[in-house]
Amino acid sequence: MVPSSPTAIRGAHDERVAARRALILSGLSADQAAYWCAAWETEAERQGINTRSAYFWDAGFGWIDAQRSFKIKQVASTV
């Protein structure tokens, strides 16, 4: 499960760093966390989501969690 908010991670200098750190702490590798942060930013841009919103990364965690769950289910159904 993805953490509820990157703001819970103290000492981060920007929200993306905090989001990436939160994903790593949830069990992703650094590369996986970077991939999912970039994927969310791309999706948010595609949808026209305000990246300066106070809830941008909260929404991102929800999206990342849903995408990861979907991919895991896809892999499981092929086994």
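Visitor: Is E41 buried, exposed or partly exposed?
Guide: E41 is partly exposed, as its relative accessible area is 27%. Buried means under 20% relative accessible area, exposed over 50%, and partly exposed in between (1.4 Å probe, protein chains only). This is a predicted model, where local features need pLDDT of at least 70 and side-chain atom pairs count only at pLDDT 80 or more, while totals for chains, interfaces and linings use all residues. Residues are numbered from 1 along each chain as its sequence is written, and side-chain values use heavy atoms, leaving out hydrogens and water.

Visitor: Ok, and which side chain does E41 meet in a salt bridge?
Guide: That's R16, at 2.8 Å, N to O. A salt bridge here is a side-chain nitrogen of Lys or Arg within 4 Å of a carboxyl oxygen of Asp or Glu. R16 sits in helix α1 (residues 15-25) and E41 in helix α2 (residues 30-47), so the pair ties together parts 25 residues apart in sequence. Helices are DSSP runs (H or I, at least four residues), numbered from the N terminus.

Visitor: How many salt bridges does the whole structure have?
Guide: The search finds 2. E43 and R46 also pair up, at 2.7 Å, N to O. Both are in helix α2, 3 residues apart, about one turn of the helix. E43 is buried at 14%, whereas R46 is exposed at 62%.

Visitor: New topic: which residues touch the most other members of the largest nonpolar core?
Guide: L23, W36, W40, W57, W63 and I64, out of 15 residues. Such a core is a set of buried Ala, Val, Leu, Ile, Met, Phe, Trp, Tyr and Cys residues joined through side-chain atoms within 4.5 Å.

Visitor: Which element gives the largest share?
Guide: α2, with 6 residues.

Technical notes:
Helix = DSSP H or I, 4+ residues; strand = E, 2+ residues; numbered from the N terminus.
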